[in-house]
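Please examine the sequence and the structure before reading on.

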Amino acid sequence: MSDQLSPPNLEEADALLSELFQEVQEWEGTLAGGTKLGIGADAIDSLRQSKVSFGNPRDRLIQLTEETFKNSGTELNDIYKQQIREQFDFYSMTHTVDLRPERAARFWRLTCELDFSPKGSSEPIIQSLFPTQQWRSVMSFGVGMEVGLNGNLDWNVGVDSSELDQLVELLPGQLKANVGNKDNFNVFLAVPAYRYELGHPEILTNGEGNSNCYWCIQDNQLQKIGTVKLAIVFKVPKVTESITVRGIAWAEPDLNWLTGDIRDVFGDLSDRLKQLLRQKNNVASRFARGVDGQEWTLTLPKAS
């Protein structure tokens, strides 16, 4: 995994949430007579029941060949043609992360890390990732889109013609040429039916040219994100028949929301919990929900 991020210890996060739940439930029960969960305990319980899970990366694992692009009405860049003929097999993969918030639970940051193996001479090389920060304005627009690869292995986005003019006006100049009418979409369709319902997300990515990568998506309404589609183009030496992908993903709760719901009993909590919660989202990863260490061995499809 990347050294630039510090994944949380999810077992410790479970234990910390249980401790907080017990203390809040005890104090709220005293106030309300103990007949049902109070507002704070219910908020913590909804957070404890929230889930993060992976989809199956085999679902859309596709080999990219010269014919793949010709059949899509585009010509592959000469550099990549040469690499495909002599050195590498290229693949497109869509990996999904599902955030399922329970009841009122609110989150503000979702992170996913993927590590590709084997290492050494057969090490996969990540070519490109989607989404990245440059596409945040498209994601903020909230339109349905289709994501494809052009002949330079750059990302193109197709939208309905009725939304195209309004969207293009919002885009930075360097992206305008990469957005078009999806009815005239002459690219390899990597991710169909792509849509986010976010406000103004911040997206941090890293990994191109390496064998591990990550996405960090931040938004004040992150609980609306649902299923996140993460697209990866990677290449492997031609002798490679299979790879292993290991993943971790976690969602960090909005501690401003959480501390607001437990404000009536906040002063009664243990000093350790009070000191921790006063740091708000700086320590949100200590309460994260996630999935750790999931691993897939993928047999790479080969064109006939």
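This is a predicted model: local features need pLDDT of at least 70, side-chain atom pairs count only at pLDDT 80 or more; totals for chains, interfaces and linings use all residues.

**Strand pairing and loop residues**

Reader: How many bridges join β3 to strand β12?

Author: Strand β12 covers residues 227-237 and runs antiparallel to β3. Strands here are DSSP runs of E with at least two residues, helices are runs of H or I with at least four, and both are numbered from the N terminus; two strands pair if DSSP finds at least two bridges between them. Within this pairing, tyrosine 91 stands opposite phenylalanine 234 in β12. The number of bridges joining β3 to β12 is eleven.

Reader: Which residue in β3 is the bridge partner of leucine 64?

Author: Strand β2 (residues 61-64) is joined to β3 by four bridges, and the two run antiparallel. Strand β1 (residues 51-54) is likewise antiparallel to β3, with four bridges, and there serine 53 stands opposite aspartate 98. For leucine 64, the partner in β3 is phenylalanine 90.

Reader: Why is strand β3 described as largely enclosed by the rest of the structure?

Author: Buried means under 20% relative accessible area, exposed over 50%, and partly exposed in between, with a 1.4 Å probe and protein chains only. Strand β3 spans residues 88-100, and it is largely enclosed because the buried residues among its 13 number eleven.

Reader: Is threonine 240 buried or exposed?

Author: Threonine 240 is found in the loop between β12 and β13 (242-253). Setting aside residues up to four places away in sequence, threonine 240 touches Ser122, Leu300 and Lys302, where contact means heavy atoms within 4.5 Å. Its relative accessibility is 5%, so threonine 240 counts as buried.

Reader: What is the omega of the cis peptide bond that joins serine 117 and proline 118?

Author: Proline 118 lies in the loop between β4 (107-117) and β5 (125-130). The cis bond from serine 117 to proline 118 has an omega of about 10°.

Reader: What is the relative accessibility of arginine 103?

Author: Arginine 103 is located in the loop between β3 and β4. Its phi is near 50°, a positive value in a residue other than glycine. Arginine 103 counts as partly exposed because its relative accessibility is 43%.

Terms used
Residues are numbered from 1 along each chain as its sequence is written. Side-chain values use heavy atoms; hydrogens and water are left out.
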